[in-house]
Amino acid sequence: MPSVQAIDREPSPPTTTLGYALFATRWLQAPLYFGLVAAQGVYVYKFFNELWALILRCVTGQATENYVMLAVLKLVDVVMIANLLIMVIVGGYETFVSRIGLQGHRDQPEWLSHVNSNVLKVKLATAIVGISSVHLLQMFVDVHRTSQHSLLWGTVIHMAFIASAAILAYMSGPMAAHAERAHQQTHHQEPVPEAPAAKVFVPAQSGPREDEPSAEERLRAAGFPARKLLEDFDSEHPRSFDRETVARLGKLDFVTAGRNVVFVGPPGTGKTHLAVGLGVRACQAGHSVLFASAAQWAARLAAARDAGRLARELAALDAHALLIVDEVGYTPFDPETAALFFQLVAHRYERASLIVTSDRPLARWDEVFGGPSALAMADRLAHHAELVRIEGESYRMRRATSAWAD
Ligand code: ADP
Ligand code: MG
C-alpha cells in the first residue's frame, strides 16, 4: 500500500529554490512574537500591581473618587494594550509566519477568519484610538493637575489617531472590495456557486453578530438542491437505519469536532435528504456549509489544480465548517480526480467536517476511486467518521406505489 504522504503531496507550481529560501526567512519573525508574549506577561504583572495598589488605598480609606476613577482608567488602559498585543501576536503570526489553524476552535476570535495585513492595520489603528481616548479621559479627570500644554497636545494627537484610523478604514474598504473581485474572477468559471458572504464567515458558538451573514444567507450560500429538514425524515420508512446516531448528529457536535459523516445506502433511501438536513441545521447554528455533488467538487478541484492554486483553494474551503459531497460513486473517477478527492479528505482530516453520501459501501470504493489510494482515502474518511447505513426500498418508489394503490 502506498504511503499516505505520497498521495497527499500536491503537484506544486514552479517556484525557485531561491524563492523558497526567501520565503522560509519568515520564520525569523517567529521569536519576535514570543518576545511579545513576554511583554504581555509584563502587562499582566503591571495590571495586578495597579489593582493591588488600588485595593490597598480603598481598604485604608485613602482613595478619593478621582483617584479610583484614574486607577480604573489605568487598568482599562493596561487591558486595552494587552488586547492590542494579542491581536498583533496572533494576527501577525497567522498573517506573516504560519497558519495557526484555529478553525472550529470554540474561542476562535471573529476577526481572525478574515485577517490580513489590511484588516490588522485597521484593527490596530482603532485599538490605538481606544487607548488614546482612555489617556485623554485620564487627563480630563485629572484636569487641574494637567498642564494646558499637555492637554492641548493630548487632544491634537488623539485627533491625529482618529484621522489616521478613519483614513486606514476608508482605504481598506476599496482594497478589500478589489481583493474580493479578484477572488471572484478566479472563481467564476467554476461550477459550484460560492456566496461572497460565506468566505469571510467562520462558525460562531454564540449568537449572531451584526457583520455576519444571517442563517438565511448561509442557507442560500450553501447551494442545497432543496431544503430538506431532519424533522421531515420518516425514520419508519427505511428497513434499517440508525435513528439514534442521526439524532445525535443533529446536535452538530461532529461539526465542532471536525469529524466526518458518511451516509451509505441504495438510491432513494434519503441519503441526500439527511445530508441536507444536517447541513440546514449547521447553517442555522451559525456554521458555513457548502453542498455539491462529487462530480461538481471534482470539477472545482480540477480547475483549481490546473490553475496551480489547489493548495489555496483547499485553504479557502477551510472557511466552511462543513462540506457536503453528494453521490460519491455515481460515476467512477479517473486516477487524477481520485487524487484530488484524496487531497480534500486529507486536508480536512481532523480539522473540518465532510459529509459524504454514497450508493456503495466503503469496501467497494476501489471501484470508484480505482486501486489502493481508494483504500487509503476510505481509511482517512472513515477514521473519526460516523458511518450511517440506510437499508430499504427507495422512498420515491414507495410514494409511487402507494399513490398507485390509492
Ligand atoms: P438518496 O440521496 O438516498 O438517493 P434522496 O435523499 O434523494 O435519496 O431521497 C429521495 C426523495 O425521497 C427525496 O425527496 C427525499 O426527501 C425523500 N425521502 C427519502 N427517504 C425519506 C424518508 N425516510 N422520509 C421522508 N422523505 C424521504
Ligand atoms: Mg442522493
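Where in the chain does Gly101 lie? Gly101 sits in the loop between helix 4 (65-97) and helix 5 (117-141). The model is a predicted one: local features need pLDDT of at least 70, side-chain atom pairs count only at pLDDT 80 or more, and totals for chains, interfaces and linings use all residues. Residues are numbered from 1 along each chain as its sequence is written, while chains are lettered from A and ligands numbered from 1 in the order in which they are written.

**Overall build**

- The chain has 17 helices and five strands. Helices (H or I, at least four residues) and strands (E, at least two) are DSSP runs, numbered from the N terminus.
- Of the 406 residues in the chain, 26% are buried. Buried means that 20 or more other C-beta atoms lie within 10 Å of a residue's own; exposed means 12 or fewer, and partly exposed is in between, with C-beta atoms placed from the backbone.
- Among contacts with a separation of 6 or more, 83% join residues 24 or more positions apart. Two residues are in contact if their C-beta atoms, placed from the backbone, lie within 7 Å.

**Annotated spans**

- An unreviewed UniProt entry gives the annotation "transmembrane region" to residues 32-55, 67-93, 124-143 and 150-171. UniProt positions follow the numbering used here, feature names are shortened, and annotations may be inferred rather than shown by experiment.
- Residues 32-55 are 100% helix and 0% strand, and their end C-alpha atoms lie 35 Å apart.
- Residues 150-171 are also 100% helix and 0% strand, with end C-alpha atoms 31 Å apart.

**Helix 4 and Met80**

- Met80 belongs to helix 4.
- Met80 counts as partly exposed because it has 17 C-beta neighbours inside 10 Å.
- Leaving out residues up to four places away in sequence, Met80 touches Ala127, Gly130, Ile131 and Val134.
- Met80 and Ala127 are 47 residues apart along the chain, and their C-alpha atoms are separated by 7.3 Å.

**Helix 8 against helix 11**

- Helix 8 (residues 215-222) packs with helix 11 (residues 271-284) at an angle of about 145°, and the axes are 8 Å apart. Axes are lines fitted to C-alpha atoms, for helices over the stretch in contact, and angles run from 0 to 180 degrees between N-to-C directions.
- The crossing of helix 8 and helix 11 is right-handed. A crossing is right-handed if the near helix is turned clockwise from the far one by less than a right angle, and left-handed if anticlockwise.
- From helix 8, Ala215, Arg218, Leu219 and Ala222 meet Gly279, Val280, Cys283 and Gln284 of helix 11.
- The residues of this contact are five nonpolar, two polar and one charged. Ala, Val, Leu, Ile, Met, Phe, Trp, Tyr, Cys and Pro count as nonpolar, Asp, Glu, Lys and Arg as charged, and the others, Gly among them, as polar.
- Ser288 is in the loop between helix 11 and strand 2 (289-293). Ser288 is buried because it has 28 C-beta neighbours inside 10 Å.
- Ser288 and Ala222 are 66 residues apart in sequence, yet 7.3 Å apart in space, C-alpha to C-alpha.

**Around ligand 1**

- The shell has 17 residues, and Gly270, Lys271, Thr272, His273 and Tyr395 come nearest. A residue is near a molecule if its C-beta atom, placed from the backbone, lies within 6 Å of it.
- Helix 11 and helix 17 (395-405) each supply at least two shell residues. Helix 11 gives the most, with three.
- By class, the shell has four nonpolar, eight polar and five charged residues.

**Loop residues**

- Gly101 is exposed because 12 other C-beta atoms lie within 10 Å. Gly101 and Arg351 are 250 residues apart in sequence and 8.0 Å apart in space, C-alpha to C-alpha.
- Most residues other than glycine have a negative phi. Leu252 has a positive phi of about 70° although it is not a glycine. Glu350, also not a glycine, has a positive phi near 65°.
- Leu252 is in the loop between helix 9 (243-249) and helix 10 (253-256). Leu252 is buried, with 20 C-beta neighbours inside 10 Å.
- Glu350 is in the loop between helix 14 (335-348) and strand 4 (353-358). Glu350 is exposed, with 12 other C-beta atoms within 10 Å.
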